[in-house]
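Please open the model in a viewer and keep the selection panel at hand.

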Amino acid sequence: LDRRGFSAQVLANGNELRMLVQNRAVSQLSDAVYAAPAEDGAWWLWWSWADQLAPIDEIESAAFKIAYVLTPA
């Protein structure tokens, strides 16, 4: 995410793990992505609105999708 122009900060709160991602050029474009298991037990990265983003081991795919969503048209 850094090379795509985003800052990322990992936030841990008890058993919750979130990553605050912010577009450096447009700071209003941000989201808190979190890690959690899906119904089948596989771990995923999730958008803050509870939609699956990418399997937890598909980091490049997740970074691409985050950059796409948090970049102005």
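**The largest pocket**

Begin with the largest pocket, which holds about 270 Å³ of space (a pocket is an open set of points on a 1 Å grid over the protein atoms alone, where a 1.4 Å probe fits, with protein on both sides within 12 Å along at least five of seven lines; lining residues have an atom within 4 Å of a point; the volume is the space filled by probe spheres set on the points, which are joined across faces, edges and corners). The model is predicted: local features need pLDDT of at least 70 and side-chain atom pairs pLDDT 80 or more, while totals for chains, interfaces and linings use all residues. Residues are numbered from 1 along each chain as its sequence is written, and side-chain values use heavy atoms, without hydrogens and water.

Select L1, M19, V33, L45 and I59, the closest to the pocket centre among its 17 lining residues. β2 (16-23), β3 (30-37) and α1 (59-69) each give two or more residues to this lining (elements are DSSP runs, helices H or I of at least four residues and strands E of at least two, numbered from the N terminus). α1 gives the most, with five.

**The sheet and the helix**

Next, display the open sheet, whose five strands follow the order β1-β2-β3-β4-β5 with antiparallel pairing (pairing requires at least two DSSP bridges). β1 (6-13) and β5 (52-55) are the edge strands, each with a single partner, so one side of each has no neighbour in the sheet. Then select β3 and β4 (residues 43-46), joined by four bridges; here Y34 stands opposite W46.

Finally, select α1, which packs on the sheet and touches β1, β2, β3, β4 and β5 (contact means heavy atoms within 4.5 Å).

Notes. Axes are lines fitted to C-alpha atoms, for helices over the stretch in contact, and angles run from 0 to 180 degrees between N-to-C directions.
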